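This report goes through salt bridges, strand pairing, nonpolar cores and selected local contacts, with a word on model confidence.

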Amino acid sequence: MSATLSRRTLLRALGAGAGVAALSACASKGAAPAAGDKAAKEINFYNWSMSEEANKPAWEKLLAAYRSKQPAVKIDPVVYPWTGFLEPMLLAARNGQTFGALQMPIDQLTAFASLGVLEDLGDLAKKNDYTPSTLLIGQANGQQLALPHYSGAIGMFVNQTWLDRIGVKDVPATVTEFESLLTELKKATGKAPYLGSTKDPALKDLIPWMWTFGSAVYADGRVQVNDDGGVRALEWYKGLLDKGLILRDISRTESRVIFGRGDAALYDDATLARQFLLAAPKGKEVAAVTRPVSRPVLAAGDKPRAMSHGHCVAVFKGKGAETGRQFAEYLTADPESLKTFFEGTSLPPAATKALQSPWFTSDTYQMDFAEKVTRTASADPFWVLPNFAQVEKVLTDAVGAVLSGREKAKPALDAAAAAMQDLIKK
């Protein structure tokens with residue numbers, strides 16, 4: 001691929017599939033937003049990124065830079081680990097105990113929007129130059145309830161040295177050829193070459209493979225994970241596990257460590273994979289030979305599939321709302337802030353001018369990822385549901401049961417589809 005992309009192609013790549021349609025309102029409402037001074041000079045910033053060693057320094061720089069711009073304002077980070085972020089935040093928001101700004105994964109907006117506790121940031125969205133496609137990730141109930149900060153995808157990465165060992169230049173295009181490659185790599189090294197996720201909660205990583213095999217997964221209000229494509233995908237994935245081509249009980253966090261040591265050929269991760277690799281013991285060495293690749297397809301000419309990924313910044317109504325709005329705008333639209341964020345995290349910004357800046361377009365890794373992964377990414381189809389996490393947990397439990405050998409793919413997915421559909425109806 002050329003090291004440069006046209007502006008149109010780049011913006012399409014960074015926004016493709018990220019647009020979650022305007023979401024329907026949920027009947028349940030939380031407690032009344034906290035009262036108080038909307039221009040309060042001390043607010044909380046709820047986030048998970050500052051719990052991650054690789055990303056914390058960049059966020060500390062952002063907060064320090066904001067303090068220099070607004071010395072009278074104090075931003076207090078309230079940090080939860082990623083795996084424990086959603087439940088305590090929803091509980092606090094429901095009870096009216098939150099104030100300030102919130103870093104939010106794009107898949108959690110529906111849950112917070114259903115509580116009626118978020119500020120409408122439509123005026124800030126119009127004022128700044130966010131790309132139209134990334135604006136959609138912050139919309140729910142017909143309102144702009146969050147500002148986009150980063151929009152990318154979860155895709156596949158390869159350590160080129162593994163391919164060089166067997167004289168292969170690239171990851172093949174089709175699933176059949178891909179499995180043959182994994183088999184050859186296993187014979188040559190004695191190690192499982194692909195770190196496919198096999199531990200909850202990353203078992204939902206199977207969804208892009210289901211799409212690859214032709215499954216609709218969820219469409220027109222109907223769960224279809226048990227259609228022919230879904231069953232074939234899970235059976236194929238279980239086959240990789242049985243053949244030792246992927247490892248048992250591997251989470252995304254664990255796969256980063258293994259891949260960062262150079263002990264695997266391929267793994268799935270978000271756009272920020274490079275930052276995690278650089279933090280590993282052999283990180284610089286491995287990162288230098290790692291590149292993003294398109295997911296193999298079922299038949300030549302099919303569209304490679306990937307899952308959209310990203311986060312946005314929302315503001316709670318009530319106390320500190322005005323200060324929170326100013327901080328959210330700084331994080332997502334200020335040119336220097338976005339440069340600091342990108343240089344510290346490798347996550348592509350959602351503002352048009354930032355995407356056109358030399359500090360971004362000169363990064364061949366980012367441009368390559370945008371073209372090979374994000375360009376054809378799709379949103380998780382269950383994100384439109386307020387209880388999406390509960391719905392997807394049923395699917396991950398079913399996938400886990402099949403991978404462990406406790407159940408067969410077809411009956412497990414049949415039962416999961418029925419249970420998921422019941423949850424959606426509630």
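In this predicted model, the side chains of Asp-170 and Arg-291 meet in a salt bridge, with 3.0 Å from N to O. The two partners come from distant parts of the chain, 121 residues apart: Asp-170 sits in the loop between H7 and H8, and Arg-291 belongs to strand S11 (residues 290–293). Asp-170 has a relative accessible area of 39% and is therefore partly exposed.

A search of the whole structure gives 26 salt bridges. Among them is the pair Arg-252 and Asp-269, whose closest N and O atoms are 4.0 Å apart. This pair also links distant parts of the chain, with Arg-252 in helix H11 (residues 252–260) and Asp-269 in strand S10 (residues 266–270), 17 residues apart. Are Arg-252 and Asp-269 buried or exposed? Both Arg-252 and Asp-269 are buried. Another salt bridge joins Arg-375 to Glu-371, with 3.2 Å between the closest N and O atoms. Arg-375 is partly exposed, at a relative accessible area of 29%, whereas Glu-371 is one of the buried residues of H18.

| Salt bridge | N to O distance |
|---|---|
| Asp-170 and Arg-291 | 3.0 Å |
| Arg-252 and Asp-269 | 4.0 Å |
| Arg-375 and Glu-371 | 3.2 Å |

Helix H18 (residues 364–372), which contains Glu-371, is mostly covered, with seven of its nine residues buried. Besides Glu-371, the buried residues of H18 are Tyr-365, Gln-366, Met-367, Asp-368, Phe-369 and Ala-370. At the start of H18, the backbone nitrogen of Tyr-365 has a side-chain oxygen of Asp-363 within 3.1 Å.

Strand S3 is the next element. Why is strand S3 (residues 100–105) largely enclosed by the rest of the structure? Six of the six residues of S3 are buried, so the strand is largely enclosed. S3 runs parallel to strand S1 (residues 42–47), and three bridges join the two; Asn-44 stands opposite Gly-100 in S3. With strand S12 (residues 306–315), S3 pairs in the antiparallel sense over five bridges. In that pairing Gln-103 stands opposite Val-313 in S12.

Gln-103 also takes part in a side-chain polar contact with Ser-49, at 2.8 Å. Ser-49 lies in the loop between S1 and H2 and is buried, with a relative accessible area of 5%. Not counting residues up to four places away in sequence, Ser-49 touches Asn-55, Lys-56, Trp-59 and Gln-103.

Glu-52 is found in the loop between S1 and helix H2 (56–69). Its relative accessibility is 19%; the limit for a buried residue is under 20%, so Glu-52 counts as buried. The side chain of Glu-52 makes a polar contact with that of Asn-55, at 2.8 Å. Leaving aside neighbours within four places in sequence, Glu-52 is in contact with Trp-82 and Phe-276. Glu-52 and Pro-81 are 29 residues apart in sequence, and their C-alpha atoms are 7.7 Å apart in space.

In soluble globular proteins, nonpolar side chains tend to be buried together. The largest nonpolar core here has 58 residues, of which Tyr-194, Val-225 and Phe-382 touch the most other members. Elements that give two or more residues to this core include strand S6 (147–159), helix H8 (175–189), helix H10 (228–242), helix H19 (388–403) and helix H20 (409–425). Another core, of 32 residues, lies apart from it, and has among its members Leu-62, Tyr-66, Phe-276 and Phe-341. Returning to Phe-382, its contacts beyond four places in sequence are Ile-207, Val-217, Tyr-218, Val-223, Val-225, Phe-388, Val-391, Glu-392 and Met-420.

Confidence is the last topic. The protein chain has an average pLDDT of 88, and 91% of the residues score at least 70. Over residues 1–32 pLDDT stays under 50, and the model has 73 contacts beyond four places in sequence for this stretch. Where pLDDT is low, the predicted coordinates should not be read in detail.

Terms used. Residues numbered from 1 in each chain as written. Predicted model: local features only at pLDDT ≥ 70, side-chain atom pairs only at ≥ 80, totals over all residues. Heavy atoms only, no water. Buried < 20%, exposed > 50% of the residue type's maximum accessible area, 1.4 Å probe, protein only. Helix = DSSP H or I, 4+ residues; strand = E, 2+ residues; numbered from the N terminus. Pairing = 2+ DSSP bridges. Core = buried A, V, L, I, M, F, W, Y, C linked by side-chain atoms within 4.5 Å. Contact = heavy atoms within 4.5 Å. pLDDT = per-residue confidence, 0-100. Polar contact = N/O pair within 3.5 Å; in protein donor to acceptor, adjacent residues only side chain to side chain.
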